[in-house]
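Please look over the model below before reading the numbered points. They cover the fold, the cavity, the surface patch and a few residue pairs.

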Amino acid sequence: MEKYMNLGISLFPISFPLIRSFESRVRFVSKGYSFFQALLITATFFMIWDHWFAVIGIFIFQLPIEELLFLFILPFACIFIYDVLLYFFTRNIFMLGVKFFVFAMIPILFFLSFLDLEKMYTAVNLFLSVLAMGVYCFIFKERFMGKFIFAYMVDLFPFITCNGYLTGGINLKPVLIYTNDENLGIRI
């Protein structure tokens, strides 16, 4: 029964986006081929990421199928949400403060990545966040960042719900166990 519950929780974030992908106004399904290629690249990166962190002892997998599904399902749900928000909210409502936000976050996250270097998972994630934001700002300037932040805030609900269950924030028997010595030890 628990195995099916874990699978159900893994599939929850994709249920609504998958059903609504055929909706006539958004027609997300029409982007399927190019989207699937991008999804495959992203999922492959994070499969390698997860495997590496498991090999060095930062992750412990209980049922890896849920984690593998998570690597496909959550990006699909997040991109779907982004696409729908672009359709329904044509104004870039977070554009005004985004430049200040990004330029404030880059040095803060950079500093924090070096503050706790013995917590490798946290340090690596913070440093890669700085790198991603810096590259993004260099290439795209702040043109899409306001839309991204808006979508990110909406994406947090399915992400926190699913990830919180799979990593033990909600579930007493997590699918993926993090070694708290390598992160901040906070479960949501």
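**Notes on the cavity, the patch and the fold**

1. The residues lining the largest cavity divide into seven nonpolar, two polar and two charged. Here Ala, Val, Leu, Ile, Met, Phe, Trp, Tyr, Cys and Pro count as nonpolar, Asp, Glu, Lys and Arg as charged, and the others, Gly among them, as polar. The lining consists of Tyr82, Leu85, Leu86, Phe89, Arg91, Asn92, Ile93, Gly146, Lys147, Phe150 and Ala151.

2. This is a predicted model, in which local features need pLDDT of at least 70 and side-chain atom pairs count only at pLDDT 80 or more, while totals for chains, interfaces and linings use all residues. Residues are numbered from 1 along each chain as its sequence is written, and side-chain values use heavy atoms, with hydrogens and water left out.

3. The chain has six helices and two strands, in the order α-α-β-α-α-α-α-β along the sequence. Helices (H or I, at least four residues) and strands (E, at least two) are DSSP runs, numbered from the N terminus. Of the 188 residues in the chain, 34% are buried; buried means under 20% relative accessible area, exposed over 50%, and partly exposed in between (1.4 Å probe, protein chains only).

4. How many cavities of 30 Å³ or more does the structure hold? There is one, and the volume of the largest cavity is about 60 Å³. A cavity is a set of points, on a 1 Å grid over the protein atoms alone, where a 1.4 Å probe fits but cannot get out; lining residues have an atom within 4 Å of a point. Grid points are joined across faces, edges and corners, and a volume is the space filled by probe spheres set on the points.

5. Which helices supply at least two residues each to that lining? They are α3 (64-88) and α6 (145-166). Helix α6 gives the most, with four residues.

6. Asp83 is in helix α3 and counts as buried because its relative accessibility is 15%. Phe148, in helix α6, is partly exposed because its relative accessible area is 43%. Phe148 and Tyr82 are 66 residues apart in sequence, with their C-alpha atoms 7.3 Å apart.

7. Helices α4 (95-115) and α5 (120-140) each supply at least two residues of the nonpolar patch, and α5 gives the most, with seven. Phe110 sits in helix α4 and is partly exposed, at 38% relative accessible area. Pro107 also lies in α4, with a relative accessible area of 47%. Pro107 and Val130 are 23 residues apart in sequence and 7.9 Å apart, C-alpha to C-alpha.

8. Ile60 lies in strand β1 (residues 59-61) and is partly exposed, at 42%. Ile60 and Ile177 are 117 residues apart in sequence, yet 5.0 Å apart in space, C-alpha to C-alpha.

Conventions. On a 1 Å grid over the protein atoms alone, a cavity is a set of points where a 1.4 Å probe fits but cannot get out, and a pocket is an open set with protein on both sides within 12 Å along at least five of seven lines; lining residues have an atom within 4 Å of a point.
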